[in-house]
Amino acid sequence: MTTIRNSIKAIIRENDSVLLIRKQDSLGDYYLFPGGGQDKCEDMRSTLRRECVEEIGVEVVVEDIQLIREYIGKNHEFSSSDSEVHQVEIYFSCRLARDAAPMNGSNIDDGQLSVDWVPISAFENTRIYPQALKNEFISPSKVYCGDVN
């Protein structure tokens, strides 16, 4: 049975780079935006602040919503493992709350290797998920992007 899960994500830009979480699979390195699942009755900004401390070890200031994306697993390349996944991702523009070096936090995601500043100029040749929205993360122009990977 498919359940819908909210995931609140941070777009943190600094000096023409974006802060991402590095993971690895059989194809090599790939990157995801910091953030994660919203707990029942938790507001989105609190979710994002909590998730960022857990994953990148730094508090963030949560600003405006930049993008909303749905991911319906059965419609995409990972359908064999994600057929029951329906996730709504809300991406907020954020900034670091203090001058600190982001690093793996105290409660990192499974398979999280590091926290890296990825230059925007390298986005085209870097595996970043969701891949369909690479340009939107650089310069957001729409809020609801639909079911994309």
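The mean positions of the 16 positive and 25 negative charges of the protein are 2 Å apart. In this count Lys and Arg are positive and Asp and Glu negative, while His and the chain ends are not counted; each charge is placed at NZ of Lys, CZ of Arg, CG of Asp or CD of Glu. The model is a predicted one, in which local features need pLDDT of at least 70 and side-chain atom pairs count only at pLDDT 80 or more, whereas totals for chains, interfaces and linings use all residues. Residues are numbered from 1 along each chain as its sequence is written, and side-chain values use heavy atoms, with hydrogens and water left out.

The overall layout comes next. Three helices and eight strands make up the secondary structure of the protein, where helices (H or I, at least four residues) and strands (E, at least two) are DSSP runs numbered from the N terminus. Read from the N terminus on, the order of elements is β-β-β-β-α-β-α-β-β-α-β. The radius of gyration is 15 Å, close to the 15 Å that the globule rule gives for 149 residues, so the protein is as compact as a globular protein of that length. This radius is taken over C-alpha atoms, and the rule is 2.2 Å times the number of residues to the power 0.38. The C-alpha trace spans about 45 × 40 × 30 Å along its principal axes.

Of the 149 residues, 48% count as buried; buried means under 20% relative accessible area, exposed over 50%, and partly exposed in between (1.4 Å probe, protein chains only). The accessible surface comes to about 7,900 Å², with 46% of it belonging to carbon and sulfur atoms; such areas come from the Shrake-Rupley method with a 1.4 Å probe, and for residues only the protein chains shown count as cover. Among contacts (heavy atoms within 4.5 Å) between residues at least 6 apart in sequence, 69% join residues at least 24 apart.

Strands count as paired if DSSP finds at least two bridges between them. Strand 1 (residues 3–14) pairs with strand 6 in the parallel sense over ten bridges, and strand 5 (residues 60–72) is joined to strand 6 by ten bridges in an antiparallel arrangement. In strand 6, glutamate 89 has serine 7 opposite, while arginine 95 has valine 61 opposite.

Setting aside neighbours within four places in sequence, its contacts include Ser93, Trp117 and Phe137.

Some backbone details lie in the loops. Most residues other than glycine have a negative phi, and most peptide bonds are trans. Aspartate 16, in the loop between strand 1 and strand 2 (17–25), has a positive phi near 60° and is exposed at 66% relative accessible area. Cysteine 41, in the loop between strand 4 (35–37) and helix 1 (44–56), has a positive phi near 70° and is exposed at 78%. A cis peptide bond, with omega about 0°, joins tyrosine 129 to proline 130; proline 130 lies in the loop between strand 7 (114–119) and helix 3 (134–138).
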